[in-house]
Amino acid sequence: MTTDTPTDVFEEHRPLLLGVAYRMLGRVADAEDVVQDAWLRWAGADRSDVREPRAYLVRITTRLAIDRLRQIKARGETYVGPWLPEPYVTAYEDTVPDTAERALLADSVSLAVLVVLESLSPLERAVFVLREAFGYPYAEIAALLDRGEPAVRQMAGRARKHVDERRSRYDVDPVQRRDLTERFLAAAEEGDLTGLMALLAPDVRLVGDSGGKSRAPLRILRSADKVGRFLIGAAEKRGPMSFRMLEVNGGPAVLAMDGDRPDSVFQLDVLDGRVQSVYIIRNPDKLRSFTADA
């Protein structure tokens, strides 16, 4: 006979539920709100017939996330400049020892994949997340979403094709990405345009997310020359900052602090030893959870 309380059961599954909600929404605050709503439903539910709390909680969380995503899309909010997901601090390197599993988790939560997922329908996104990130069988996803298994298989196929066609290719080796990130940061800080250009792929792109609330390019920059000169110029214009390496969205990233205020988070996509994409998140609304000790 189990002695676990409803709180114990929920807290055991909270990391999974937050992972599902964040991948569905790309927004940490919204994901946390969804998980809190799931807790309220769990706490107030008649649990006498619940045989599998994990499946029950994932179903509640997924449906709440679908509803939240539909509300966001229905509002039709316009975003100033390129949009990137809110950076999500992960620790797979410390908590997931299996290389294959770590690579799968890191890929499913990467900035590149989450940007593509924004263009899926809420149901397609739910199917993709449950299948690709968490390995749910089609039959179980169908039960969670109250859909037929053939329909779920079709949605999964469309979503996978869509993601594969539109996302950037990159290497997931965290050691290589961290090394290149450190060299990239050093070259930019030293004003070494030649050294920086040597790290950039010819068709590199820079995506800056400011939401119109701080300075960042309002369009995606493309080509090594444009990206390199922008980065050197930006480093020369701003004041002194401190930098901290951390793991964000499954890969190495840099948190830039202006005193005790988070200025930006940046991350690189790497392929064949060159930087393919530079993601810079400067929207202050997406940096509220970061501190110098993040």
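Helices α1 (residues 6-25) and α2 (residues 28-44) pack with their axes 9 Å apart, at an angle of about 145°. The model is predicted.

**The α1/α2 pair**

- The crossing of α1 past α2 is right-handed.
- From α1, the contact draws on Pro6, Thr7, Val9, Phe10, Arg14, Leu17, Leu18, Ala21, Tyr22 and Leu25.
- From α2, it draws on Val28, Asp30, Ala31, Glu32, Val34, Val35, Ala38, Trp39 and Trp42.
- By class, the contact has 15 nonpolar, 1 polar and 3 charged residues.
- α1 carries a kink of about 50° at arginine 14, shortly before proline 15.
- Arginine 14 is also one of the α1 residues in the contact with α2.
- Glycine 26 follows α1 and has a positive phi, near 70°.

- β1 (residues 200-209) and β6 (residues 274-281) pair in the parallel sense over 6 bridges.
- In that region, leucine 200 stands opposite valine 275 of β6.
- β3 and β4 are antiparallel, with 7 bridges.
- β4 and β5 are antiparallel too, with 6 bridges.
- β5 and β6 pair in the antiparallel sense over 7 bridges.

- Valine 248 has glycine 251 of β4 as its bridge partner.
- Methionine 245 stands opposite valine 254 in β4.
- Valine 254 in turn has phenylalanine 266 of β5 as a bridge partner.
- Aspartate 258 stands opposite arginine 261 in β5.
- Valine 265 is bridged to isoleucine 281 of β6.

**Hairpin turns**

- The β3-β4 hairpin has 2 residues between its strands, and asparagine 249 takes a positive phi near 50° there.
- The β4-β5 hairpin also has 2 residues between its strands.
- Glycine 259, in the β4-β5 turn, has a positive phi of about 70°.
- The β5-β6 hairpin has 2 residues between the strands, with aspartate 272 at a positive phi near 55°.

**Burial of the strands**

- β4 is mostly covered, with 7 of its 8 residues buried.
- β5 is largely enclosed by the rest of the structure, because 10 of its 11 residues are buried.
- In a regular strand, side chains alternate between the two faces of the sheet.

**Valine 175**

- Valine 175 belongs to α10 (residues 174-190).
- Valine 175 is exposed, because its relative accessible area of 63% is over the 50% cut-off.
- Valine 175 and proline 252 lie 77 residues apart in sequence.
- In space, the C-alpha atoms of valine 175 and proline 252 are 8.6 Å apart.

**Positive phi in loops**

- Most residues other than glycine have a negative phi.
- Aspartate 146 has a positive phi, near 55°.
- Aspartate 146 sits in the loop between α8 (138-145) and α9 (149-166).
- Aspartate 146 is exposed, because its relative accessible area is 57%, over the 50% cut-off.
- Serine 223 is not a glycine, yet has a positive phi of about 105°.
- Serine 223 lies in the loop between β2 and α12.
- Serine 223 counts as partly exposed, at 23% relative accessibility.

Methods
Residues are numbered from 1 along each chain as its sequence is written. This is a predicted model: local features need pLDDT of at least 70, side-chain atom pairs count only at pLDDT 80 or more; totals for chains, interfaces and linings use all residues. Side-chain values use heavy atoms; hydrogens and water are left out. Axes are lines fitted to C-alpha atoms, for helices over the stretch in contact, and angles run from 0 to 180 degrees between N-to-C directions. Helices (H or I, at least four residues) and strands (E, at least two) are DSSP runs, numbered from the N terminus. A crossing is left-handed if the near helix is turned anticlockwise from the far one by less than a right angle, and right-handed if clockwise. Contact means heavy atoms within 4.5 Å. Ala, Val, Leu, Ile, Met, Phe, Trp, Tyr, Cys and Pro count as nonpolar, Asp, Glu, Lys and Arg as charged, and the others, Gly among them, as polar. Buried means under 20% relative accessible area, exposed over 50%, partly exposed in between (1.4 Å probe, protein chains only). Two strands pair if DSSP finds at least two bridges between them. The bend at a residue is the angle between axes fitted to the seven residues ending there and the seven starting there.
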